[in-house]
Amino acid sequence: MKLVLGYLYPSVMSQYGDIGNVRTVIMRCRWRGIDVQVQNLELGCAVDPDGIDMFLVGGGADSHQRLVYEDLLKVKGEGIRTAIRDGAAAFAVCAGYQLWGHYYRTASGEELPGLGIFDAHTVHRAAQTGTRLDTITSAGSVRSVGNLIVQWRGNVLAGFENHGGRTYLHGGAEPFGVVLSGGGNNSEDGLEGCVWHNAIGTYLHGPAFPKNPVLVDYLIGKALARRYGKVELEPLDDELELAAHHRALIRARERPQRWRRLLGQGVA
Amino acid sequence: MQLFAGSATRAATRAVAVGTGKTLRTVSRRLGRGGGTTMPGHLAGRIDPGLLAGLAAGLPNGCVLVTGTNGKTTTTRIMADAARRAGLAVITNPEGSNLLNGIATALLVHTDHLGRLRVPDSAIGVFEVDEGALGPAIEALHPRLVVITNLFRDQLDRYFEVDFVATLWQRSLRRLPASATLVLNADDPQVAYLGSDVAAKVLYFGLEDRHWAKPALEHAADSRRCPKCRHDLLYELSFYAHLGHYACKECGWRRPDPRFAAWQVELDALRGSRSQVTTPAGDRTYEVPLAGLYNACNALAAAAGASCLGVEPDLVQAGAQDATGAFGRLERVVSGGREAVILLVKNPSGFNEALRLVLSGGEPRWLLLSLNDNQPDGRDVSWIWDVDFETCAGQTAFCAVAGLRAQDLALRLKYAGLAGETGQMLVEPDVVRAFDEAIARTPAGETLYVLATYTSMWALRRELVRRGTVAPFWRQARAGQPARTGQPARSGQPARAEAGPEAGRAGSR
């Protein structure tokens, strides 16, 4: 068996250790004797909807989103949408998630049109509140930063979020999960991420795959099912994975008060 | 009358602020609660908000700020040492307390009880500044010189985005007057671009030795886009991370030619480097007893900075030769008859360089890696996935992982091909226990390499201090008067070091 992984904009949208998700898919497939071929889908590369089994896209700053959104719409959009409608798996994190919604309004108020795969839109918190981002403190005041714990289909997922955008799901959209700890989509409705067919949009960095093996195996299963029908994935020894997952849950409960108090000082 | 009353009140406030700060510092040291390197300045600043600007204005030769993601402590040290050799009375924050309150504390030491700065005519401030505090520091201190070493991905939970830091820097640097000078790394596109469109004079430093170029950019490279037009940068040479010789194929913007250029760099494994450098004053040789290409670059930055203060290049050479490892920068300790070398790691590019150093030579190594996720380390541990641990596979004789997020490190190593099934990995969250276990397993004559993030290194060091293996940081260097040890710290001999995180240091520099 073979799985083709389409990694979107690796040189632009991989700012938060997102490459870890790629490494995880490769290793978990390799340990099961499944070949993985990674296609780097940089600016200008078109997408063959039949050729890609799983899409991955990571996080980036407003400036990175400004750089890729046109390419995403005009060069890759149709291919990605067709593949996903046909059952391909996808995991779009943070900035990637935002650009797969209808639009993203940046901190400066500029509206970047998105793919519309997720029935949702995103507005940067600074644009909502009219906050000027001229210091680290002002930028921090509008961001959701911290450990993010999400309930998804009876599983608890652990990751880290770091975003200024607030995402709002529209009427027909299915959320990816429910926030147990952290901000999630918008810090208001308790929802996290969005799902359309086998595509998941989420704020879970961390990266999410390594310490949430149930999630990555679910997506590997979906990606292979499109080509090979239902596949039984061989169980792996996930002792280290689950230990890291467990540790992340504990750290999410512990508030790092002392450090914050001491270190908040002096940074304007 | 009103004016007089106002200024009298201000003077009284200043005196109270300074008195409080000085007392707090003395008490803190007496109680052994750390060096008291930031709290005094913090409290005094709360009493008198104009304190820092007021004190800095009294420095006869103004002040210098050094910032950047990596290398600012070392660069500051070499520059301060060279300036001292040139006869300047240098006030610095050598203990690495690099926020505004740390700088205020360094100045407080030199005030009288009426809150007036009492320094000789030759006094100058040479301060290391946290990346996030550069703007406010420029506003308060009006520096005559700003040195920027580089800009890498670091603690995104605190700085959010690399671009954001660059934007903040640009805004602040544009406010510098034409009389000020900016020393910038030509090899870092985002840093080099800061030199365009500023009133201040700009002086670049950079590497010209093609020998150290690598074929492809590493994954940890942050800046591969033209800062001017956002198109792809074309790299002719790539040194490490995104540092190299580049040009934009779209708008034509390219790496500026450095006035301080290292055209030949020889590295001697963990011992140091020797660089042939072109300076406006002629060619020089700089020997630095600190390992790694990045430390050769730090010496180059310091040389360029020192030249702006009128310091002779030969004095920089003397200063560089005496450079000792800052806290956890290749600090050597001996425990139970075995040697350990401690390296501070804090971001992907620094971790990659540390691994490259440790693994140079090609023999299997004994490693202890420790990852904490306290605020000074960065609460987000995702960055370890941007480190190329794949290079360790087949090169580790033994590896222990420790820290509050030891399990995340263990997992990262598993996916890098250093699986636990070979029995060569030990997972022990307690860094002290992990250290004891790892050093016991290190054969006599071999070295244990400890790569740890800020607070976990601090925890380990605190225990080593308790055991008497290393000296506490505030005995090793006093604010403004760092001890001169004359040579890199050797076995059993204390290295100079900086404040522990209890002192309120922001970046885990």
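Modeller: Among the contacts in chain B with a separation of 6 or more, 71% are between residues 24 or more positions apart. This chain has 16 helices and 19 strands, and 61% of its 509 residues count as buried.

Turning to the part you asked about, the largest nonpolar core of this predicted model holds 226 residues, of which A:Met54, B:Leu65, B:Ala83 and B:Leu300 touch the most other members. The element that gives the most to this core is helix α10 of chain B, residues 293–308, with eleven residues. Because domain 1 (39–321) and domain 2 (329–503) of chain B both give residues to this core, it lies between them.

To see what one of these members touches, take B:Ala83, which, once its neighbours within four places in sequence are left aside, is in contact with B:Leu88, B:Val90, B:Ile124, B:Val126, B:Ala306, B:Leu309 and B:Val311.

A:Asn21 has 29 other C-beta atoms within 10 Å, and since 20 or more are needed, it counts as buried. Leaving aside neighbours within four places in sequence, A:Asn21 is in contact with A:Leu56, A:Phe91, A:Pro207, A:Ala208 and A:Phe209.

Terms used
Residues numbered from 1 in each chain as written. Chains lettered and ligands numbered in written order. Predicted model: local features only at pLDDT ≥ 70, side-chain atom pairs only at ≥ 80, totals over all residues. Core = buried A, V, L, I, M, F, W, Y, C linked by C-beta atoms within 7 Å. Buried ≥ 20, exposed ≤ 12 C-beta atoms within 10 Å, placed from the backbone. Helix = DSSP H or I, 4+ residues; strand = E, 2+ residues; numbered from the N terminus. Domains from an automatic or database assignment. Contact = placed C-beta atoms within 7 Å.
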